[in-house]
Amino acid sequence: MSQDASTEGDLRNTGMSLKHDREWDYELDRIVEAVEERDATKVGLQFPEGLKRRGPAVADDLRSLTDDDVTYMLSGQPCYGACDLDTYLMRRTDVFVHFGHSPMKESDKIIYVPLFSNVDPFPIMADSLDELDVGDVGLVTTAQHMNRFEEMREWLEDEGFTVHTRKGDDRLTHEGQVLGCNYASADIDADQVLYVGGGKFHPLGLAMEHPDKTVVIADPVNNVVTVADTEQFMKQRYASVHKAMDAEKWGVIFCTKIGQGRWDVAESIVEDNDNAYLITMDEVTPDRLRNFDMDAFVNTGCPRITTDDGPQFHKPMLTPGEYRIAVGDEPLDSLSFDTFHGTW
């Protein structure tokens, strides 16, 4: 996925770290304890894109705390979420540390260090009250702000709200947590939802997934309150579907990343269409697809590849649901947001 996507304040890029001075807690003691318990000699460290520059310093700190025979290796693979593990490095290390995201699936091999935000969410939450009707409200946030979630809930209750929260499916670690591909935690009994966090994509996806709800965005990173508006996004998706309606040759992308593969979805499309060709790849980029002579593509991997980077591809890039509309299997008004469920 591109670095210029509209995700300010997201750990995918440096927006959050540049806007706020912060001391991340890398939980070095926990990592050192694991290294000593397992007599580890090879340790893998994986950082999200915006924090890769911190990697060498963290490795240096760990070297100073462990024996000289312990080797620390930094993953250079792109990383945008807990679904995006460097499995090659993981298989070759005794301890593998994944920074910046909450666990998507527990593993004895992986240590997850979430890196919570130190931004105070309450001033911007106070500003968001102008967009909320006192009564029932849902509350959701991202992994970076989960350390303040209970305080947020109590704050809203003190303001007179009845706060509804739930834990979504197995892809989500915490109650009230949303991912860029999963908004099951917002499936609550309230007509309005307060999203506390940076970035525009999460609340936009939330509003698409739950069109019956008003989604108010309280962004403590960029200090702004907005209400999610899906109109422009919907126009872009409809335009992509229309462009693909005349396509004859389809490239069906299966992502080989451990937490992003939907083999059954990709396989069903290829089985139903003699002019559909399965393409396997780990990192889906416009340059890689230019070498394929296709009229359109279907992405069964991370939904954000389609929605964030879609305009950059040389041919229409659709979600599985949009593909069904383009080939006439489903009506145009069935267009919906592509979400991801399950782990691996």
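**Helix H6**

I started at the end of H6, where Gly 160 follows the helix. Its phi is positive, near 100°. I keep in mind that this is a predicted model.

Next I looked up which residues of H6 (residues 149-158) are buried. I found Phe 149, Met 152, Arg 153, Trp 155 and Leu 156. They sit on the same side of H6, because they cover an arc of only 160° around the axis. Then I asked what covers these buried residues of H6. The cover includes helix H5 (122-128) and strand E5 (136-141). Strand E6 (162-164) and strand E7 (192-196) are also part of the cover.

**Cysteines**

I looked for disulfides and counted 0. I checked Cys 79 and Cys 83 for the reason. A disulfide needs two cysteine sulfur atoms within 2.5 Å. The closest cysteine sulfur to that of Cys 79 is in Cys 83, 8.0 Å away, so the pair is too far apart for a bond. For Cys 83, the closest cysteine sulfur is in Cys 302, at 5.8 Å, again too far for a bond. I also noted burial. Cys 79 is buried, with a relative accessible area of 0%. Cys 83 is buried as well, at 10%.

**Second largest pocket**

I then turned to the second largest pocket, which holds about 170 Å³ of space. Its lining includes Asp 84, Leu 85, Asp 86, Thr 87 and Tyr 88. I also listed Thr 256, Lys 257 and Ile 258 among the lining residues. Gln 46, Gln 77, Pro 78 and Asp 282 line this pocket too. By class, I recorded 4 nonpolar, 4 polar and 4 charged residues in the lining.

How values were computed:
Residues numbered from 1 in each chain as written. Predicted model: local features only at pLDDT ≥ 70, side-chain atom pairs only at ≥ 80, totals over all residues. Heavy atoms only, no water. 1 Å grid on protein atoms, 1.4 Å probe; cavity = no way out; pocket = protein on both sides within 12 Å on 5 of 7 lines; lining within 4 Å. Points joined across faces, edges and corners; volume = space filled by probe spheres on them. Nonpolar A, V, L, I, M, F, W, Y, C, P; charged D, E, K, R; others polar. Buried < 20%, exposed > 50% of the residue type's maximum accessible area, 1.4 Å probe, protein only. Helix = DSSP H or I, 4+ residues; strand = E, 2+ residues; numbered from the N terminus. Arc of directions from axis to C-beta. Contact = heavy atoms within 4.5 Å.
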